[in-house]
Amino acid sequence: MRDLAGKSAFVTGAASGIGLALARAFAQQGMRVMLADIEGGALAESVEALRREGHAVRGTVCDVADAGSVDRAARESIAAFGKIHLVCNNAGVGGRTRDSGDISLDDWRWVLDVNLMGIVHGVRAFLPHLRAHGEGGHFVNTASMAGFLSGLGFSPYTASKYAAVGVSEGLAGELAPFGIGVTVLCPGWVRTRITDSGRNRPARYGGPEAAGAAAPNPIAEKVAELVRNGLDPEAVADRVVEAVRANRLYVFTHPHMEKNVRD
């Protein structure tokens with residue numbers, strides 16, 4: 001997908017952080033963009049902000065853990081733009097950082113349903129459409145360096161990101177003959193609200209969690225500090241745009257972490 005202008009994109013987790021940066025970056029390339037997010041108020045604000053910048057964007061509330069919600073968002077996007085060429089399965093949650101013995105089944109289900117099944121639902125909803133219009137396309141699946149480095153131990157987040165890398169690698173080989181590329185984004189520490197993702201936790205997984213509600217945890221506090229001092233999301237988005245144009249499979253945002261993987 002070297003030529004992005006005039007084409008259309010769908011981005012999940014687009015109300016803030018990396019998702020919003022991706023939506024802005026692709027809109028700046030002349031794409032029409034559907035922003036999707038579970039957080040309706042923040043989504044409306046982000047859509048309006050991009051419109052004020054002169055971009056052709058729309059928004060749809062979408063819970064990526066719910067296949068029906070993603071299917072509805074896909075239909076809405078196709079109806080709005082006619083054809084979708086780029087799908088960024090970006091929405092993600094962190095879950096709580098806690099002792100392995102204290103992780104609940106709701107924690108596991110929520111994190112895996114968003115971080116892994118959100119990608120599955122996005123591919124399932126859009127792939128038949130991309131194949132049918134025959135103009136090629138691209139999937140961007142957001143994983144993490146945690147998908148290569150298991151420093152968090154027995155963690156739903158680590159498990160979900162390893163899976164995101166694996167399904168992306170397999171999908172890339174399968175879709176190449178159709179002119180559909182795949183990029184798996186593997187960021188390190190980036191300034192996002194990932195440590196506050198419990199604010200959007202649906203009732204079926206136990207409901208929202210207030211920031212700081214959990215008992216003090218040195219690991220969680222260190223993670224929060226690293227996120228606060230992390231890379232600007234816009235810098236991540238710029239690298240993704242380059243990767244889509246070059247049809248690169250991997251995007252590593254932190255060279256020193258990539259070295260650990262390659263070694």
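Biologist: How are residues numbered, and what pLDDT do local features need?

Modeller: Residues are numbered from 1 along each chain as its sequence is written, and side-chain values use heavy atoms, with hydrogens and water left out. In this predicted model, totals for chains, interfaces and linings use all residues, side-chain atom pairs count only at pLDDT 80 or more, and local features need pLDDT of at least 70.

Biologist: How many helices and strands does the protein chain have, and what percentage of its residues count as buried?

Modeller: Helices (H or I, at least four residues) and strands (E, at least two) are DSSP runs, numbered from the N terminus. On that basis the protein chain has nine helices and seven strands. Buried means under 20% relative accessible area, exposed over 50%, and partly exposed in between (1.4 Å probe, protein chains only). Of the 263 residues, the share that counts as buried is 51%.

Biologist: Among contacts between residues at least 6 apart in sequence, what percentage join residues at least 24 apart?

Modeller: A contact means heavy atoms within 4.5 Å. Among contacts in the protein chain between residues at least 6 apart in sequence, the share joining residues at least 24 apart is 72%.

Biologist: Where does helix α5 bend?

Modeller: Helix α5 covers residues 117–133 and reaches 25 Å from its first C-alpha to its last, close to the 24 Å expected; the expected span is 1.5 Å times one less than the number of residues. The bend at a residue is the angle between axes fitted to the seven residues ending there and the seven starting there. In α5 this angle is about 35°, and P128 follows within four residues of the bend, which is at F126.

Biologist: Which residue forms a salt bridge with E234, and why does the pair tie together parts apart in sequence?

Modeller: A salt bridge is a side-chain nitrogen of Lys or Arg within 4 Å of a carboxyl oxygen of Asp or Glu, and by this rule the count comes to ten. The closest N and O atoms of E234 and its partner R24 are 3.9 Å apart. E234 lies in helix α8 and R24 in helix α1, so the pair ties together parts that are 210 residues apart in sequence.

Biologist: Which strand pairs with β6 over three bridges?

Modeller: Two strands pair if DSSP finds at least two bridges between them. Strand β5 runs parallel to β6 and is joined to β6 by six bridges, with H138 opposite G181. All seven of the seven residues of β6 are buried. L185 stands opposite V251, and the strand that pairs with β6 in the parallel sense over three bridges is β7.
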